[in-house]
Structure formats: structure tokens, C-alpha cells
Amino acid sequence: MQSILKRTMFYILFIGIWEGLFRLGIWPEYVLPSPVSVFKTLVHGFQNHTFLIGIAISMKRIAIGYGISIVVGIFLGLLIGRVRLFEETLGSFFTGLQTLPTICWLPLSLLWFGLNDRSIIFLVFMGAVLSITIATDAGVKSVPSLYIRAAKTMGAKGWKLYLEVIIPAALPHIITGMKQGWSFAWRSLMAGELLIVCLGLGHLMMIGRELNDMSQVIAVMIVIIIIGILVDRLFFVKVEQRIRERWGLVKG
Amino acid sequence: MTESVGTENFVDIDQVKVGKELQASQRVNGVWPKLRVQHVSKSFQSKDRNFYVLEDINLEIQQGEFVCIVGPSGCGKTTLLNIVAGLEKADSGDVWADDHKINGAGTDRVVIFQEAALFPWLNVVKNVEFGLKLKGFNGKERRNIAIEYLKMVHLSKFQHAQVHELSGGMKQRVAIARALAMNPEMLLMDEPFSALDAQTRWILHYELQNIWLKTRKTILFVTHNIREAVCLADRIIILSTAPGKIKKEFLVELPRPRDDNDVNVAGYSTRIMKELKAEINKVMKCEMDADSCVECDIKCTTEGPAKTDIGGGI
């Protein structure tokens, strides 16, 4: 209770100072809008569905790009983790690629796919896939060989060994990689949407900029933050918690 | 647990029979032994030379027999078990299960390891179902079989528990249930109780004997603990070390279920310990001379540490 109280106090104070600064009138409204107008824009944006459409379009893109990156990332991670040849070749290649900021893929993506959805989806994919690959690789390598030997004597072979033993055993690592991949994907999505005219949340922010409507810019930023938090809390934190309980890493 | 065997049932230590003679007499005409190990050798490449872990191992195990392989650490007994399991390949020689040559792991020979190797992402009953699922049993069938075997190890009320909630002994019992649920031809046990405390081990010795009496599975059991071997086995095979060779065989003729602390079990153990002591000394000498430590040398030659261990396992 104490911490909730402190947090509420903090936000009230934060908005109070913001409103105070606005009232002082040092900056014009297109630089610093009032919290009230941001709130109004937020409500209005949801009422006339522009924000909802923006969210839907952005979520569709990330769902496709991130979905593909999970499948490809886990597959590549398994290859690198289990096959010496791929580890020695692809492994170091991917570690190198990961140092490249995702937005650097934009020019390449534009030339490959043009100014459209696919280009953004590619960015999202590139944002997440390497994290997932590298985490899966680490997860596969940390699977105790005892599990694999035990499974083999119970008749696990080929893809069943992967499906029933190696992937579940590597799951804690894979989830961590997916979480990191999600945050990279989310960033790449916004970067892509800011630079390509395409509807979506990033584009809504750019419209705000073009209309000198700072309250829209901030309102969309708030929406983006809230979605980020929701996905993290509602999905990743829950899943990680469940795995930790099941593995016995956390009591109760 | 039964009381220790009375004097009228006492099997004199002189009755311990040794060697091949015995094997031949046990063979049933026309029926393949459950397991035949023929001329199996295995070596590991170290820096400058080949290190023989197993050399020309020949072994036959009959249907329903409970055989323990005993030897000092590093004698290759686990390697032998892994070769029988199909988890490792022999350099030369063959292993036959019934009438077919072993080539890789198979569900007819399920291994129980020193650590239970239960999967933490599955709960207890799903762990027991694991092999059945791979075999293609449907949900209801495999649940029924799993529960039946969990009952056999007295853990059915823990069926929905997570693996980490079980004690070491319970985990190993689940591992036994999981292996039995596969209905294998043979159970291969690789020092399954050595990581457990003495009391738990005592309970599991009793439980394993009862399971064996009920199911009459063929069991190949590897241990360094002589008392354990005497308590469990019909036949004990002593492996020598570096290279691992079969040194001697003992037949244990005591009524079951046996108790670790039974006086006859102790008697057998002492007898077998004598055989093994030379091997242990060899290991000690080999390991300790490497440091050319004078103190260690004295210990080796006086056999001090080995003596105190007689009967209690190595």
C-alpha cells in the first residue's frame, strides 16, 4: 500500500509541475501542451477511433514480424546450438550482426521491399530475430546432457527429441530472448513507422508533428508506453514467473 | 521389512560360486539369454596413449536375473552400462539383447541414472507418461499406466506435484516408475542410489527388491557399494580396474527381501571386499603416486583406509 501511495503522489506531483510550467507560459503550446489537452487528445483519439486504428495496424505489423522472428529465431538457435558446423559459421556471424542497430537495416529494407508494410515488418523481424536466435542457442547449450540421454533411452529420436526435450528444457532461455526480442521489435516498429508514411502509431506521431500538435505527439507516446508495459506485465512477467515456479527457482 | 535371516537359513559363505562354470549351468537350452556382452572393449584416447577402460568383457544375463556390477571408481562399469544401453559405442565386440544386436538406445533397455533426470517442465505424472507418449499411447491409457506405476512406488498422491517439490529419494522412485511404465525388457541402473542418504537408500533397497519380486524384470545394476550389491543382486560381477576386466563373479543366495544390516549380507560383503581390496589399492596407488607423496604411499601400503571401509561400501 505504501508504495502505491508513493507512486500516486509522484504522478500527481509530476502532472502538477507540468501544469504549473504550462501556466507560466514560458513556452508556446506547440512546445509544451498542458496535461489537460494531452488527456483530451487521448480521449478524442480513442473516441474517433484514429488511435484504435493506429494501434490495430501497428499490432498487426508487430504480430507478423515478431511471429516470424520467433519461428526463425528458434529454428536458427537450435541449428547453431546443436550442429557444430553452424555454430562455427552462423554463430559468430550472428553475434557480429547483433551489434548493428536495427534501424540500419532501413535503407536495405526500403530498397528490397519499397515504402510499404513489408518493409516495416522486415525491420521488426530483424529487430527480434537475433536476440531470439542467440538466446535459444544459449538455452540449447545449457540443456543437461542427462536429460537428452534419459530421453533417448525412453525412445526420443529426431524431431521428437527437439520437441519434447530440447525446446522445453531451453524454454527459460528462449523466453528471456523473446522478451528482449519483443522490446527490440517494438523499437524497430516505431522507428520504421516514423520514417515511412503508413498509418500506425508512429505515423500518428508524425502527423502530430506536421500539424504542430504536440498534445497528439505526447498522447501517442503515452499509448506506446502503455502498450509496452501491458505486453511486458501481462505476458512476459507472467510466463517467466510460471516457469520459475515450475522449475523450482522460486518458492511459492 | 523382514527380520534378519535366522541361523537355519544361513547360507555358508563357502557356497559362493565363482566364474563361468556357474553361468553355463544357468543357461536354459534353446532360449537366448536376455543380454549377451561379447568381447566388448573400449578405450579412450589420452594425450600420448590409448587408455583401456574395458577389455574383452564377456557377460550373459538371463531373463529375470538381478545382476550387480561392482568395481572401484574408474573401472569402466558405467561405460559398460552405457554401452549396453546404446548410449556409447564399443570399440569392438557386440552386445545382444535377446536375439538382436544392440545398435543405439532402445526402449527395451531403459536406464535409471544416478540423478533422477526427471524433466522439470513436467509434473510427476507427466514425467512418468513421457516414454508412453513417445510410444504413442493415448492420453487416457498413458495416465492409467502412469498412475499404476506411481502406486507401485507409493507416490500416487504426489502425481500432480512439481519435480522440485520432491525429495531426492522420491525423485528416484519417480524415475523408477517412469522406467517401469515403459515395460522394458531390462532395467539398467547406474548407481541410482549413490547420491542419497543412508536411510533413504535403505528404504529404496527394500522397495526395489519388492518391485523386482513383483515384476521379475531383468536388472543390470552398477554400483561401487558392495553392501548394496549384496543386498540387491542374484549375482555380483567384480570388475578390475585399468583395464576393466571381469575379475570374479559371486552368486548371492539369501532370501528376499534382504536388509542392508543383515548379518549374512555383511558376511558376503566382507568376502567380496577382500576381492575388491586389491583393486582399490591399485586405484589408490595409481592416483596418489602421481603426486609422489610419501604420506600417501604409506597409506596405500598399509591398506589403512580400505580396511575401515569393509562392509560399508567403498
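Helices, such as those named below, are DSSP runs of H or I with at least four residues, numbered from the N terminus. The structure described here is a predicted model.

In this model, the largest pocket holds about 460 Å³ of space. Its lining draws at least two residues from each of three helices of chain A, namely α1 (2–24), α2 (35–47) and α10. Of these, α10(A) makes the greatest contribution to the lining of the largest pocket, with six residues. The lining consists of 15 residues, and those nearest the centre of the pocket are A:Tyr11, A:Phe14, A:Ile15, A:Trp18 and A:Ile222. In terms of residue class, 15 lining residues of the largest pocket are nonpolar, while no polar and no charged residues are found there.

The second largest pocket has a volume of about 390 Å³. It is lined by 17 residues, of which A:Pro168, A:Arg246, B:Trp121, B:Leu122 and B:Lys126 are the closest to its centre. At least two lining residues of this second pocket come from each of α8 and α10 of chain A and α3 (124–135) of chain B. Here too α10(A) supplies the largest share of the lining, six residues. The classes in the lining of the second largest pocket are nine nonpolar, no polar and eight charged residues.

The two chains also meet at an interface, in which 20 residues of chain A are in contact with 23 residues of chain B. The size of an interface is often given as the accessible area lost when the parts come together. For chain A and chain B, the buried area is about 2,100 Å², and 68% of it lies on carbon and sulfur atoms. Three residues, A:Thr153, A:Met154 and A:Arg246, account for 35% of the area that chain A buries against chain B, which is more than any other three residues supply.

Polar interactions across the interface were also examined. The rule finds three residue pairs in polar contact between chain A and chain B, with both residues at pLDDT 80 or more. It also finds one salt bridge across the interface. A salt bridge joins the side chains of A:Glu164 and B:Lys133, with an N to O distance of 3.4 Å. On the side of chain A that touches chain B, two or more residues are given by each of α7 (145–153), α8 (158–195) and α10 (214–247). The contribution of α7(A) to this side is the greatest, at seven residues. By class, this side of chain A comprises ten nonpolar, three polar and seven charged residues.

Key: Residues numbered from 1 in each chain as written. Chains lettered and ligands numbered in written order. Predicted model: local features only at pLDDT ≥ 70, side-chain atom pairs only at ≥ 80, totals over all residues. Heavy atoms only, no water. Contact = heavy atoms within 4.5 Å. Buried area = accessible area lost by both parts, 1.4 Å probe. Salt bridge = Lys/Arg side-chain N within 4 Å of Asp/Glu carboxyl O. Polar contact = N/O pair within 3.5 Å; in protein donor to acceptor, adjacent residues only side chain to side chain. Nonpolar A, V, L, I, M, F, W, Y, C, P; charged D, E, K, R; others polar. 1 Å grid on protein atoms, 1.4 Å probe; cavity = no way out; pocket = protein on both sides within 12 Å on 5 of 7 lines; lining within 4 Å. Points joined across faces, edges and corners; volume = space filled by probe spheres on them.
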